[in-house]
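Student: Could you walk me through how two parts of a protein chain meet? I would like to start from the terms.

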Amino acid sequence: MSNAVSRRGALGLMGASAAVPLLGTGTAAAAPLSPAPGGGGATPVQGLHLTFGRDPARQMVVSWLTDGPVRRPRVLYGTLDDGFGSYAPAVTRTYLDGDSNRTVWVHHAEINRLSPNTEYLYVAQHDGATPDAGTFRTAPGGRSAFTFTSFGDQSAPQVTWDLKGAPALDFFSTPATKDIVTGIETVAPLFHLLNGDLCYANLDVDRVRTWNNFFTNNTRSARYRPWMPAAGNHEIEKKNGAIGMDAYQAYFQLPSTETDPELAGLWYGFTVGSVRVIVLQNDDNCLQDGGDVYVNGYSGGRQLAWLEKELAAARASRDVDWIVVAMHQVMISTSDANGADLGLREKYGPLFDRYGVDLVLCGHEHDYERSLAVHGVVSGSETLTPNPVSDATDNIDATHGTVHMILGGGGVSGTTNGSFFKDGTGKVLTAVADKRDPATGKRKPTYVREKAVWSAVRDLDHPYGFAAFTVDPGHRPGGTTTMHVTYYNVNKPTGELSVFERFSLHRKRADG
């Protein structure tokens, strides 16, 4: 696509479906866009969203929802220069919501053989329905400058019906849930990381409606750039599969290498430029009982073995400079909320240290906090307190240790920025009871307080925000590469952005 034409301008040129043939011909003629004569009456395209394929420079997945089965779900795509000369069929996944006994249909079209760092237009359609459209840019093919963003704990800004049939808000809904999507589009990153607790559907009366509301809200961004999710504890839904994640696994097609269908898409990795992103599902390894079903240990160690293999390969690669882990529950926290989790410290900490993970991006706590660079544990600590190796907060040498960031201000209510301990301590969940407490339905946690010697920065005043990460790859083999980080507040009541803080990390390139 010509650099003179913006994404929005391209969509303006596309207009309604009748205008699409003006952009080109080719194989598009084999899958006409026009609805059936006299109107199709088919369920419409809903919740259009993108995810990367296994090679983000050459693969993209276009996904959408329907309320019923459809015929010939497909995507036409191309560039303004070449037109809609290419066609990708979609595969359909379904799941049966265990509460309502309603079936949901989700369609995924994987587009292959794309060109790196190129703008594409696409149209999603099935027979009898009006098409919906978007644009995307593929990842660069090698070291290049780009920006990505991240937050967790969003929810869905829509109304639903309560048990008595009266209007009610989706659980944990706030206007910030919508404002933050506008904020992401203001930054316009190449991709976005959504660090768990996507919409809190498991807490709502109508889970299917809440998921639909979530995609209806986020398609304002997710149709233009991949939103890459991590499943959090609120993605675990009772009666939705053996581990409660049938809905999550149906809605997203992710670059997973897991061969067990029950585990597919729950952890995965992808590389953009010189950044390897590794996405984890923490309920497998954390102690806290946070979902509808307690699923600790569900992979039998498969996720942990995969993680070590991934980390070793990434740090050994001459093409990867940065390792970023996205996950939900946290290893650091000074908020009197969920607290840090000893299970994650025990299982992940040694691996993050051994393979030099640069950044760990989380949600779970509904606030913003980040650590100093940490490596190893404080000697004699029963809570495996992360050991700070530098007091630098503005310009951090990433080779010294890992920086953890809690980005849990994605829009959800029940914010915890007002619950930070004021005495320099944090709390760590060290165990849970064997049986559920009848009063709460959860296994009762045991907490131990610790000195938060690792704590660097936290936002006491603002509940909502997200981080943007801009990669400067450097100019020569073996030279310095830098990651510039900006944390934006999404301010009440209008949703305008302001900068809370900026800092940077640097390290030597791996191709030296």
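Tutor: Happy to! A polar contact is a pair of N or O atoms within 3.5 Å; within protein, one must be able to donate a hydrogen and the other to accept it, and residues adjacent in sequence count only if both atoms are side-chain atoms. The model is predicted, so local features need pLDDT of at least 70 and side-chain atom pairs pLDDT 80 or more, while totals for chains, interfaces and linings use all residues. Residues are numbered from 1 along each chain as its sequence is written, and side-chain values use heavy atoms, without hydrogens and water.

Student: Into which domains is the protein chain divided?
Tutor: The bounds come from an automatic or database domain assignment. They give domain 1 (43-138) and domain 2 (143-508).

Student: How many residue pairs are in polar contact across the interface of domain 1 and domain 2?
Tutor: Both residues of a pair must be at pLDDT 80 or more. With that rule, the number of pairs found across the interface is 22.

Student: Which strand gives the largest share of the side of domain 1 that touches domain 2?
Tutor: Strands here are DSSP runs (E, at least two residues), numbered from the N terminus. Those supplying at least two residues each include S2 (60-66) and S6 (103-111). The largest share, seven residues, comes from S1.

Student: How many salt bridges cross the interface of domain 1 and domain 2?
Tutor: The rule asks for a side-chain nitrogen of Lys or Arg within 4 Å of a carboxyl oxygen of Asp or Glu. Across this interface, the count is five.

How values were computed
Helix = DSSP H or I, 4+ residues; strand = E, 2+ residues; numbered from the N terminus.
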